[in-house]
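Please walk me through this structure in the viewer. Tell me what to select at each stop and what is there.

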Amino acid sequence: MTIKTSMLALAVALTAAPAFAEGELNLYSSRHYDTDDRLYTEFTEATGITVNRIEGNADELIARMEAEGDNSPVDVFMTVDTVRITRAKEMGLLQPVESALLEEKIPANLQDDDNQWFAFSKRARILFYDKNDVENPPMTYQDLAKPEYEGMICIRSSSNVYTQNIVAALVAHLGEEATAEWARAVVGNFARDPQGGDTDQLRGIVSGECDIAMSNTYYFARALRKDVSGLSDSIDMVGWVFPNQDDIGAHVNISGGGVAANAPNRDNAVAFLEYLASAQAQDYFSAGNDEYPVVDDAPLAESVKALGDFTEDAIPLSDIADNISAAQKILADAGWK
Ligand code: FE
């Protein structure tokens, strides 16, 4: 309700301004982090381009872009997962960008084959556990299916894109049949029905409701860096495992963006994407929101460094995207709420 109201208010502000205006950029973003403000102000300071921003749920923003069609004022669409950005591409809402800078800076597995979107930050989706209660934590995603973890696992719902992403990655690696079997066993090991966000999974360890939880790294790193209620005070009891370090690597999901199909301010849109790959912006993704930069030599925030080095699953994101519908079916069939 509040999101819709604020979107409406912003919509009025946006449509009142011309879609094209030299020195303007219209951004639709489903990133939900206050710290992103710094990204936009720094971009404006560096380029003189004003960022008009509409934030909201990714599905709503996609529906809105579709409804606006050729008259859409949007220049850049940003979101926080492969599923949505791929859907935007498939719906024809994005356009290819030829940028030598983006090609050079963004690793090949973290950009669309047709250059319609690029990842600008990464987060690993890893396992956390209660150090007091779990002597042998799971070392792989596959381990979550082991009978010894019955009644111990807290994990997000099947409607959550992070869940869909990782299951799609498992389908890509293990095949549909093995992943379906895995999903059924994991559901059998749930400590409770899936509920809440990533921080709630971590809080479940502190409250004693969960012994093992899955979360993106940045929620944990944030609780190391600053006070997160119900978590930071007892964070010492929480251990973590970067799974599958001997084979496929830890699953990563991304935040990414692309230029809208009918971008009225196309040059500014490309300039904005290139800015997001700059050392400064890459630093903000890490220092401001505890994410991993995608550009090779970009610095890591202390809170992120504290998690240690790990091997990530380097599977092309497009392979994950290709398996999302299979993942959704597997989750539904497994009774994963
Ligand atoms: Fe998140």
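How many disulfides does the structure hold? It holds one. Keep in mind during the tour that this is a predicted model.

Select Cys154 and Cys210 to see the disulfide, with sulfur atoms 2.0 Å apart. Turn the view to look along the S-S bond: the angle about it is -85 degrees, and the link is left-handed. Next, colour by secondary structure. Cys154 sits in strand S6 (residues 153–154), while Cys210 belongs to the loop between helix H8 (198–207) and strand S7 (212–216). The pair links distant parts of the chain, 56 residues apart. Cys154 is buried, with a relative accessible area of 1%, and Cys210 is buried as well, at 0%.

Now select the iron ion. Its protein donors are the OH atoms of Tyr162, Tyr218 and Tyr219, at 1.7 to 2.0 Å from the ion. Along the chain, these donors follow the spacing Y-x55-Y-Y. Tyr162 is part of helix H6 (residues 161–174) and Tyr218 of helix H9 (residues 217–225), so this pair ties together parts that are 56 residues apart in sequence. Both Tyr162 and Tyr218 are buried.

The last stop is Ile49, in the loop between helix H2 (36–47) and strand S2 (50–55). Is Ile49 buried or exposed? Ile49 is buried, with a relative accessible area of 8%. Show the residues around it: apart from neighbours within four places in sequence, Ile49 is in contact with Gly23, Glu24, Leu25, Phe43, Thr44 and Asn268.

Note on methods
Residues numbered from 1 in each chain as written. Predicted model: local features only at pLDDT ≥ 70, side-chain atom pairs only at ≥ 80, totals over all residues. Heavy atoms only, no water. Donors = N, O, S within 2.8 Å, 3.2 Å for Na, K, Ca; no water. Helix = DSSP H or I, 4+ residues; strand = E, 2+ residues; numbered from the N terminus. Buried < 20%, exposed > 50% of the residue type's maximum accessible area, 1.4 Å probe, protein only. Contact = heavy atoms within 4.5 Å. Disulfide = S-S within 2.5 Å.
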